[in-house]
Amino acid sequence: MSDVDQMSFEDAIKELETVVGQLERGDVALDESIALYERGAALKARCETKLKEAEEKVAKITLGEGGEPKGTAPLDG
């Protein structure tokens, strides 16, 4: 398991922003650029995973078993 797998969303997005900035400046050697790109890809995947987990938690809180919103009256069709 890599250190990225243990990061919070906030830490991963902060580092990803740093990586993107370095790559956009274009002032790093090719080997370092490749390593930064790979790190960025891992950070992006971590952020996506954490967002999906959060979406699933929100759905459990706000949706009933049939997918209808909890705590609301049914809409008249």
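**Exercise 1.** Work out how the radius of gyration of the protein compares with that of a compact globule of 77 residues.

*Solution.* Keep in mind that this is a predicted model. Start with the reference value: a compact globule of 77 residues would come out near 11 Å. Now take the protein itself, which has 19 Å. Next, check the box around the C-alpha atoms, which is roughly 60 × 30 × 15 Å along the principal axes.

**Exercise 2.** Find out which secondary structure elements the protein has, and how much of the chain is buried.

*Solution.* Count the elements first: there are two helices and zero strands. Then turn to burial, where "buried" means under 20% relative accessible area. By that cut-off, 18% of the 77 residues qualify.

**Exercise 3.** Name the residues of the largest nonpolar core and say which elements give two or more of them.

*Solution.* The core has nine residues: Val4, Met7, Ala12, Leu16, Val19, Val28, Leu36, Leu43 and Cys47. Helix 1 (9-25) and helix 2 (30-62) are the elements that each supply two or more. Now zoom in on Cys47: skipping neighbours within four places in sequence, it touches Phe9, Ala12 and Ile13. Finally, look at contacts across the whole protein: among those with a separation of 6 or more, 59% join residues 24 or more positions apart.

**Exercise 4.** How far apart are the mean positions of the positive and negative charges?

*Solution.* Tally the charges, 10 positive and 18 negative. Their mean positions lie 4 Å apart.

How values were computed: Residues are numbered from 1 along each chain as its sequence is written. This is a predicted model: local features need pLDDT of at least 70, side-chain atom pairs count only at pLDDT 80 or more; totals for chains, interfaces and linings use all residues. Side-chain values use heavy atoms; hydrogens and water are left out. A nonpolar core is a set of buried Ala, Val, Leu, Ile, Met, Phe, Trp, Tyr and Cys residues joined through side-chain atoms within 4.5 Å. Buried means under 20% relative accessible area, exposed over 50%, partly exposed in between (1.4 Å probe, protein chains only). Helices (H or I, at least four residues) and strands (E, at least two) are DSSP runs, numbered from the N terminus. Contact means heavy atoms within 4.5 Å. The radius of gyration is taken over C-alpha atoms; the globule rule is 2.2 Å times the number of residues to the power 0.38. Lys and Arg count as positive and Asp and Glu as negative; His and the chain ends are not counted. The place of a charge is taken as NZ of Lys, CZ of Arg, CG of Asp or CD of Glu.
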